[in-house]
Amino acid sequence: MKLALLSVILCLLFTASTISGQNPGLQLRLTTNGINFAKNIALEFLHDVISKLKLPDSSGDNFAISNVKITSFTLGATTVTTRSPNLFKVGVKGAGASATGDWRAWKKIVFFKVRASGSARVSANIDLDQTIGLGRRSDKPAFTVGACSAKIANFNVKLKGGNFITTFIYNIILRFFEGKIRRELEEKICPEVTEALAKQTKKISTEFKTDFPLVFGTKVNLGLVSNPAVTSNSITLALRGRCFPSTMSSLSFPFNPPTVPVITTTSQMVRISISPYVMNTLLYSIWKSNVLKKTFTQQQVAGAVKTTLRANVLAPFFSTLASYGNQPLQAEVRASQAPRAQFTATGIQISGKFDIIAGPSSAPQAATISTNVDFTAQPHLTNGVISASISNVRVVITNAGALPDQVINVINQLIKVFLSAQILPAVNDVTGAGFKLPTFYGYSSYGATITTKTKGLEIGSNFRKTPPKTTRRPPSTRFPLPVDCDPRRQNWRLFNRPRRLCPL
């Protein structure tokens, strides 16, 4: 489980896609606190691997050693050292290990063969260094399991069992433990650790996908546009952050990614800086997919504007409706161009051109009302849930003169309903999909923050272990409940026997 969590963290950090010279859409930084968190996961993984070590049986001329295995392992002083350009080293100094084993001895004296057996308990200190490389290969994460060194110090052996006849062989068995058993244990640690790491990193490279689904049939590619930047206190990743329709993966955009604002806050484990490029490629993608539209039936129009909208209300301003008298209108709101977003210190400013196509059921496209719309989407974070709200909606009608308040109110209400249904989900996907921040493999986020700033959106979070959920054991169905059992009184009487507790 700990190895699986480590895999998830590495996947999030090192997805890959190479486009030479392109600015990233977002940056992710693992701070000193985040590196320490990953270190603890890695150390728990090392603990699990070393704790399961078992040595093959061995024997000498008149003795045999069997069942040598690690029974406990405690970490000592630990360090994580990052090395440019893409390496870090996990170090453990003075870890304590205990092992047990069985021994047997025999000796032929004249015509008799004397046998004895007992157990051995070993205590030792272990120093371990493991290097891991971080990189990329095509559009997959690439990891290299580097050099490993393990050294055993303060190796102590205590033997139990035997008899006065086998006492002479104790020294031979002790020397065997301090020699061959010690060497075998020292030589087995690194192969076990590197093999486990190699298997997991290979699994990541073969199974991990860089494209993740978003709203309205779109996806986002979170590939690296450059190698990870490793310093002494952080690992920074430049991710592509390009959204695209699932059916048009090669869609080109009429704009390029701007420079991502530099991450300055380092108090949380992970910080993510998102540029408007991510939001704008998503908005452009759903517009190209012909998704940015919403149809209102006559009843839905009446529900949105709180009254029945009739042709004669709009006819003085849109002459194509004049011939339909007081017939109720239906409408469709659609984007005539892809909306554009900008990040500011007060929120996400989005502007777009939207047409309201209205008419009676017999001529649903009788009139077109063209508008320019500007509004603010403000992301919020409450109890780990990121979502956005829309405010400051400003609608300007571009193909008609001055309109009365009644007509303006109708148009504003239709635009607001459209924005909530079609634009807000896209904003929520970029700022966190409106769902709880991820909980995985027994770990969850806490202390999350989200901040809008000039030309960027910054999200931060910490992680911690999640206590396992406790579930009450269901009642046993192995034996039927006695007829006289009363669960409320927790006793039952059968054939005048003493009262007993009901079975659980």
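This is a predicted model: local features need pLDDT of at least 70, side-chain atom pairs count only at pLDDT 80 or more; totals for chains, interfaces and linings use all residues.
Which residues does Asn154 touch, not counting residues up to four places away in sequence? They are Ser123, Ala124 and Asn125, where contact means heavy atoms within 4.5 Å. Residues are numbered from 1 along each chain as its sequence is written, and side-chain values use heavy atoms, with hydrogens and water left out.

First, the overall counts. The protein has 7 helices and 22 strands. Both are DSSP runs numbered from the N terminus: helices are H or I with at least four residues, strands are E with at least two. Of the 504 residues, 45% are buried. Buried means under 20% relative accessible area, exposed means over 50%, and partly exposed is in between, using a 1.4 Å probe and protein chains only. Taking contacts between residues at least 6 apart in sequence, 67% join residues at least 24 apart.

Back to Asn154, which is in strand S7. Its relative accessible area is 51%, so Asn154 is exposed. Asn154 and Asn125 are 29 residues apart in sequence, with 5.8 Å between their C-alpha atoms.

Lys158 is also in strand S7, which covers residues 140–161. Lys158 is exposed because its relative accessible area is 64%. Leaving out residues up to four places away in sequence, Lys158 touches Ser119, Ala120 and Arg121. From Lys158 to Ser123 is 35 residues in sequence and 8.8 Å in space, C-alpha to C-alpha.

Now two threonines. Thr371 sits in strand S18, residues 367–382. Is Thr371 buried or exposed? With a relative accessible area of 2%, Thr371 is buried. A polar atom of the Thr371 side chain lies 2.7 Å from the backbone oxygen of Phe354. Beyond its neighbours within four places in sequence, Thr371 is in contact with several residues, including Gly352, Asp355, Val396, Ile411 and Ile415.

Thr236 belongs to strand S11, residues 235–239. Thr236 counts as buried because its relative accessibility is 13%. Its side chain is joined to that of Arg29 by a polar contact of 2.8 Å. A polar contact is a pair of N or O atoms within 3.5 Å; within protein, one must be able to donate a hydrogen and the other to accept it, and residues adjacent in sequence count only if both atoms are side-chain atoms. Arg29 is also among the residues that Thr236 touches, together with Gln27, Leu28, Pro228 and Ala229, not counting residues up to four places away in sequence.

Last, a pair of helices. Two packed helices are described by the angle between their axes and the distance between the axes. Helix H2 is residues 32–51 and helix H3 is residues 170–207; their axes come within 10 Å and cross at roughly 125°. That makes H2 oblique to H3. Angles under 35 degrees count as roughly parallel, over 145 as roughly antiparallel, 65 to 115 as roughly perpendicular, and the rest as oblique. The axes are lines fitted to C-alpha atoms, for helices over the stretch in contact, and angles run from 0 to 180 degrees between N-to-C directions.

Which residues of H2 and H3 meet? On the H2 side they are Phe45, Leu46, Val49 and Ile50, and on the H3 side Ile189, Glu192, Val193, Ala196 and Leu197.
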